[in-house]
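Visitor: I would like to go through this model by question and answer.
Guide: Go ahead; the sequence and structure come up here.

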Amino acid sequence: MTTTLTAADGHILQAYTAGAEDAERGIVVLQEIFGVNSHIRDVCDFYASKGYRVIAPALFDRIEPGVEMGYTAQDIERGKAFKARVSYEEALKDIEAAAAALSSQKKIGVVGFCWGGTLTWLAACRSAAFSAASCWYGAGIAELRDEKAQCPVQMHFGDKDKSIPPSDVEAIRAAQPDVDICTYDADHGFGCDQRGSYDPFASELARTRTVEFFKAHL
């Protein structure tokens with residue numbers, strides 16, 4: 001199901017929603033660079049099955065409405081171009097609009113993947129809307145590692161991820177000793193079953209850890 005959101009700057013965007021409207025707790029799901037595609041909708045449906053009200057804002061609506069891509073080389077280049085045109089400040093406005101749509105929920109978590117993993121870290125640091133955040137393979141986190149989180153944070157990285165070398169993970173660990181950092185013998189995008197880098201074992205373990213993390217903090 002889709003809904004319409006209005007950000008603080010007046011921008012109107014769409015969002016995918018799942019789960020009972022009267023659920024006690026909510027989760028905002030943040031997309032990769034491929035839009036709110038079937039993978040992100042599947043993630044939303046999974047957390048809805050765990051009893052959460054879930055919403056995934058379409059962060060590329062600022063550039064082009066309804067962007068939804070696959071994982072070809074062409075899609076990757078197109079997604080990178082879209083991402084470059086959305087500032088962190090703009091994305092955070094849209095993320096907070098999604099959180100505001102969960103006003104019926106007592107506590108809200110945020111989980112994101114790839115670009116969304118970086119945005120999840122920023123949301124944990126720059127927004128007071130969230131009570132827990134789970135960041136999956138956010139390549140931009142290392143350069144933002146000195147930000148201060150306002151809620152408990154968990155991070156998931158693949159040891160084989162060329163876009164996030166082990167030195168970046170260690171730099172994050174050193175700067176953020178209170179963050180729960182989990183690593184896996186896997187590549188970037190290991191949590192997406194539509195990608196060649198999908199690793200079912202790592203994906204299931206990271207998902208289980210995320211579920212337990214949200215259960216503890218939401």
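**Aromatic pairs and the core**

Guide: A starting point in this predicted model is Phe113, which counts as buried at 3% relative accessibility.

Visitor: Is Tyr137 buried or exposed?
Guide: The cut-off for buried is under 20% relative accessible area. Tyr137 has a relative accessible area of 0%. Tyr137 is therefore buried.

Visitor: How many aromatic pairs does a search of the whole structure find, and what is the geometry of the one formed by Phe113 and Tyr137?
Guide: The search finds 13 aromatic pairs. For Phe113 and Tyr137, the ring centres are 6.4 Å apart and the planes are at 55°. Planes count as stacked under 30 degrees and as edge-to-face over 60, so this pair is tilted.

Visitor: How many residues apart in sequence are the parts that the pair of Phe113 and Tyr137 ties together?
Guide: Phe113 lies in strand E5, residues 107–113. Tyr137 is in the loop between strand E6 (132–136) and strand E7 (153–158). The pair therefore ties together parts whose separation in sequence is 24 residues.

Visitor: What kind of aromatic pair do Tyr137 and Phe190 form?
Guide: Both residues are buried. Phe190 is in the loop between strand E8 (180–184) and helix H6 (200–217), 53 residues from Tyr137. Their rings are 5.1 Å centre to centre with 70° between the planes, and an angle over 60 degrees makes the pair edge-to-face.

Visitor: Which charged residue sits over the ring of Phe46?
Guide: Phe46 belongs to a cluster linked by ring pairs, together with Tyr47, Tyr52, Phe213 and Phe214. A charged end lies 3.8 Å from the centre of the Phe46 ring. That end belongs to Arg207.

Visitor: What is the relative accessible area of Ala175?
Guide: Ala175 is found in helix H5, residues 166–175. Leaving out residues up to four places away in sequence, it touches Arg145 and Asp146. Ala175 is partly exposed, with a relative accessible area of 24%.

Key
Residues are numbered from 1 along each chain as its sequence is written. This is a predicted model: local features need pLDDT of at least 70, side-chain atom pairs count only at pLDDT 80 or more; totals for chains, interfaces and linings use all residues. Side-chain values use heavy atoms; hydrogens and water are left out. Helices (H or I, at least four residues) and strands (E, at least two) are DSSP runs, numbered from the N terminus. Buried means under 20% relative accessible area, exposed over 50%, partly exposed in between (1.4 Å probe, protein chains only). Contact means heavy atoms within 4.5 Å. Rings of Phe, Tyr and Trp (its six-membered ring) pair if their centres lie within 6.5 Å; planes under 30 degrees apart count as stacked, over 60 as edge-to-face and the rest as tilted. A charge sits over a ring if NZ of Lys or CZ of Arg is within 6 Å of the ring centre and within 35 degrees of the ring normal.
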